[in-house]
Amino acid sequence: MRRVLLWMAGSPWLRDRLPRLWFVRRAVRRFMPGEDAAAALNAGQQAQALGIGSLYTRLGEHLTRPDEAAAVADHYLGVLEAIAERKLPGEVSIKPSQLGLDLDPSATFEHAARLAAHAEKLDGFVWLDMESSESTEPTLALYEQLRAIHPNVGVCLQAALHRTAGDLQRLLPMGPAIRLVKGAYAEPRAIAYQGRHEIDANFAALAAEMLGAARGGTPIRIALGTHDVGLIEQVDTHAGAFGLDRTGFEVQMLYGVRIDEQRRLAASGYRVRQLISYGESWYAWYMRRLAERPANVLFALRAILG
Ligand code: FDA
């Protein structure tokens with residue numbers, strides 16, 4: 001099933017046809033409130049009513065020309081304005097490749113710095129997503145450059161990669177904001193843990209390292225980007241043992257995934273934030289979400305049928 005879904009994700013023929021079908025569009029709504037930023041912001045407002053913060057990310061294909069990055073940056077400037085106007089507890093989360101990192105790193109820095117500066121004026125915050133391992137070093141370098149001049153920027157680190165423990169030590173002196181995730185990309189054995197248990201153990205160890213740094217006075221913002229509630233509770237126990245409470249870190253989950261747990265965690269004192277994706281280029285992203293958890297195909301079929 002997983003292989004079929006990933007094949008479907010990569011098929012240009014299906015990409016041109018499936019998104020036009022009304023029942024496919026209906027099924028996708030479980031993971032995406034709509035194609036435009038306004039729909040995402042409305043969903044963020046609903047989350048706010050439940051005590052859940054938001055993060056906004058626009059889905060997009062890889063850029064083919066560096067000048068397309070300026071339009072992406074302009075788009076996010078508008079989203080930052082809208083978040084401030086609506087007084088939402090919202091932040092933006094951007095894939096560095098969408099700002100042209102693999103085409104022109106210095107122009108990417110200019111775009112990202114423009115966003116961070118604007119966000120700073122609005123009391124906003126900009127996260128950099130982490131993409132596949134070829135982009136780890138350029139993304140960290142971009143983050144270091146940005147963090148040196150703006151306090152309101154964060155970066156994602158992946159527990160699946162062997163290098164992450166070292167990357168964390170490298171960033172700690174900057175007083176970073178870090179979203180720790182397991183890692184969404186298939187990476188080779190030479191550089192990445194392959195088994196679920198190894199990745200989970202590294203996630204817990206990295207989270208403990210961050211909590212230890214916070215206890216030692218490092219001004220670090222810690223976010224756990226995972227739906228793994230067992231792991232979140234393990235980190236919470238660790239925080240308690242360090243004399244920190246659960247407001248010392250936040251939990252970030254995806255819109256439409258484990259919403260009951262999001263509500264339960266928020267109601268029991270965790271700081272929870274929901275990553276809301278939107279955009280027209282949702283087909284491949286949606287198929288990958290289904291592939292991540294083929295049981296979701298049942299939800300999709302149910303949505304299609306009824
Ligand atoms: P895991 O896959 O072990 O799942 C834990 C539990 O949650 C399981 O019970 C599972 O069934 C359930 N679950 C997980 N996904 C589900 C789904 N789609 N639908 C229903 N249930 C689901 N990765 C990356 O490489 N770079 C990045 O920048 C980011 N950014 C990011 C931000 C945020 C807010 C989140 C939540 C995740 C990311 N990720 C990411 C993705 C991350 O690396 C990882 O691939 C997914 O979160 C899935 O792994 P979990 O940690 O949720 O655990």
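Which residue has a polar side-chain atom 2.6 Å from an oxygen atom of the ligand? I looked, and that residue is Thr226.

**Before going on.** I noted that this is a predicted model, where local features need pLDDT of at least 70, side-chain atom pairs count only at pLDDT 80 or more, and totals for chains, interfaces and linings use all residues. Residues are numbered from 1 along each chain as its sequence is written, and side-chain values use heavy atoms, with hydrogens and water left out.

**Entry: the ligand.** I found 24 residues around the ligand (a heavy atom within 4 Å of it). The closest are Met130, Lys182, Gly183, Thr226 and Arg293. At Met130, I read 2.8 Å between a polar backbone atom and a nitrogen atom of the ligand. At Arg179, a side-chain N or O atom is 3.3 Å from a nitrogen atom of the ligand.

**Entry: aromatic rings.** My search of the whole structure gave four aromatic pairs. For a pair, the ring centres of Phe, Tyr or Trp (its six-membered ring) lie within 6.5 Å; planes under 30 degrees apart are stacked, over 60 edge-to-face, and the rest tilted. One of the pairs is Phe31 with Tyr286, tilted, with 6.1 Å centre to centre and 55° between the planes. Phe31 lies in the loop between α3 (22–28) and α4 (37–49) and Tyr286 in helix α12 (residues 283–292), so this pair ties together parts 255 residues apart in sequence. My helices are DSSP runs (H or I, at least four residues), as are strands (E, at least two), numbered from the N terminus.

I then checked Trp282 and Tyr286: their ring centres are 6.5 Å apart and their planes at 80°, so the pair is edge-to-face. Phe31, Trp282 and Tyr286 form one aromatic cluster. Phe31 and Tyr286 are both buried (under 20% relative accessible area; exposed is over 50%, partly exposed in between; 1.4 Å probe, protein chains only). Trp282 is buried too.

Terms used:
A polar contact is a pair of N or O atoms within 3.5 Å; within protein, one must be able to donate a hydrogen and the other to accept it, and residues adjacent in sequence count only if both atoms are side-chain atoms.
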